[in-house]
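Q: I'd like to go through this model with you, piece by piece. Start with whatever terms we need.

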Amino acid sequence: MQFLFAWRYFRAKKSTNVINIIAWICILAIMIGTAALILVLSVFNGFEGLVKSLYSSFYPDIRVSPASGKYLLLDEKQLQQLQGIGGVRNFSLVVEEKAILRNGDNQALVSLKGVDDRFKNINGITNHMVNGRFEIGTAAHPQLVVGGGIEGSLGIRSTPKAAPISIYIPRKSESEAFDAASNITPDTIRSAGTFVIQQDFDNKYAITQIDFLKQAMGLSAHEFSAIEIAVSDPSGTAKIQQAIQRLFGKNFKVQDRYQQNQSLYSIMNLERWVFYAILSLILVVAAFNMVGALTMLVLEKQKDISVLNALGANQGFILKIFLSEGFLLAAIGGGMGMLLALLLVLLQQQFHLVPLQGGSFLIDYFPVDLKIRDFLLVAVTVSVIAFIASWTPARKASRKEFSLKAE
């Protein structure tokens, strides 16, 4: 009933045209604010999805590493039990250490990652090869797969027949004193391929054969830096993670993909909420227009309020009428804003209307992705702001007594 009154008041001709103008300005501001919120959240969704897809090409679903120290000790029984955990599709043993690569006068400090043959089944790195192929060789004849940034720094081109480059690997030592002759293992190695994923990886990582790296570092057969695990169903990662934690105990750190990059995802989430708060100010500005529109409407409808009071309408009924009027303005503006945002996102997905400047990105347009949760969040935000803006004029209207005789 109250909504019918609100709808009639919205459509009815006003004695003062400025009331209609302010109401439509309010609707326009809400529409712009709603569309802006959904568009920005959609862009964040697009970039988040892009970053996650890139990081999933290098980071595993689950990673087991030592809770303290650099290395963990593993035996065959533990590895067999790990393979027997339901949902574990595959796993790879990994050793990591800093190393120096040198090609003539060019050199690069890299994170050298020794992996076994199962590593390429854990992630999608083979889908990002731009030169050569993913070949790590054997312990006796190792090969190297480098990031694109490292390839550029060394001035090489990775192919199976590329000229060998020098590699310097630190050995494990119990002594605090450093002796280059005994603590550094020099060798030569060929670069078989180059991957390009993202600058954080391309400028940092080089991948080689694990047994070669362990021999160069002087590690025992049971010493490793980490276990990288792929799961069959990503939705069951949490349960698999718990099972792996129970298997290895508290001396091992078991992390899912989010926990491996927690700082990155936390920053992205914080940025999302900061932009959400800033753009919500547009809706707050619209709320001031709503207060003005409803206040003038109350003055316009003094006679109607008097008639309703005479017919027995209580304060709550009058309050609900003008609250409904505020929600009606918000619903029209919010609905138009959502439709506008939906149209713009679909156009961007189809035609890539807004480009990314600079030319150094993997894509040349702003990625966007619609999420139903964003529509629900914006709808709740608009509703809350509409309620707060409508409350004061609606409450004054319900408490004010108008006399029919005065009319």
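A: Helices (H or I, at least four residues) and strands (E, at least two) are DSSP runs, numbered from the N terminus. This is a predicted model, where local features need pLDDT of at least 70 and side-chain atom pairs count only at pLDDT 80 or more, while totals for chains, interfaces and linings use all residues. Residues are numbered from 1 along each chain as its sequence is written, and side-chain values use heavy atoms, with hydrogens and water left out.

Q: OK, where is Ala108?
A: In strand β4.

Q: Is Ala108 buried or exposed?
A: Buried, with a relative accessible area of 13%. Buried means under 20%, exposed over 50% and partly exposed in between, using a 1.4 Å probe on protein chains only.

Q: What does Ala108 touch?
A: Leaving out residues up to four places away in sequence, Ala108 touches Ala99, Ile100, Leu101, Ile150, Ser153 and Leu154. Contact here is heavy atoms within 4.5 Å.

Q: Moving on, where does Ile165 sit, and what is it in contact with?
A: Ile165 is in strand β7, residues 165-170. Beyond its neighbours within four places in sequence, Ile165 is in contact with Leu101, Arg102, Asn103, Leu144, Leu154, Ile156, Asp187, Thr188 and Ile189. Ile165 counts as buried, at 3% relative accessibility.

Q: How far apart are Ile165 and Asn123?
A: 27 Å from C-alpha to C-alpha, at 42 residues apart in sequence.

Q: Which residues in the largest nonpolar core touch the most other members?
A: Leu74, Leu101, Ile169, Ile227, Ile229 and Ile244, out of 43 residues in that core. The largest share of this core comes from β3, with six residues. Apart from it there is another core, of 32 residues, including Ile22, Ile30, Ile38 and Ile332. A nonpolar core is a set of buried Ala, Val, Leu, Ile, Met, Phe, Trp, Tyr and Cys residues joined through side-chain atoms within 4.5 Å.

Q: And what does Ile169 touch?
A: Not counting residues up to four places away in sequence, Ile169 touches Ala99, Leu112, Asn183, Ile184, Thr185, Phe212, Leu213, Ala216 and Met217.

Q: Now Thr194: what joins the side chains of Thr194 and Glu151?
A: A polar contact of 2.8 Å. That term means a pair of N or O atoms within 3.5 Å; within protein, one must be able to donate a hydrogen and the other to accept it, and residues adjacent in sequence count only if both atoms are side-chain atoms. Thr194 is found in strand β8, residues 184-195, and is buried at a relative accessible area of 0%. Besides Glu151, Thr194 touches residues including His128, Met129, Val130, Asn131 and Ser158.

Q: How many cavities of 30 Å³ or more does a search of the whole structure find?
A: One. On a 1 Å grid over the protein atoms alone, a cavity is a set of points where a 1.4 Å probe fits but cannot get out, a pocket is an open set with protein on both sides within 12 Å along at least five of seven lines, and lining residues have an atom within 4 Å of a point. Grid points are joined across faces, edges and corners, and a volume is the space filled by probe spheres set on the points.

Q: What lines the largest cavity?
A: Ile30, Leu283, Ala286, Ala287, Met290, Val382, Ile385 and Ala386. α10 (262-300) and α13 (372-399) each give two or more of them, with α10 giving the most, four. By class that's eight nonpolar, no polar and no charged. For the classes, Ala, Val, Leu, Ile, Met, Phe, Trp, Tyr, Cys and Pro count as nonpolar, Asp, Glu, Lys and Arg as charged, and the others, Gly among them, as polar.

Q: What about the second largest pocket, which residues lie nearest its centre?
A: Arg63, Ser65, Glu96, Tyr205 and Ser225, from a lining of 18 residues. That lining has nine charged, six polar and three nonpolar residues, and the volume is about 450 Å³. β1 (62-66), β3 (88-103), β4 (106-115) and β12 (252-256) each supply at least two lining residues.

Q: Last one, what does Thr381 touch?
A: Tyr276, Ser280 and Leu283, not counting residues up to four places away in sequence. Thr381 is in helix α13 and is buried, at 10% relative accessible area. A polar atom of the Thr381 side chain lies 2.8 Å from the backbone oxygen of Leu377.
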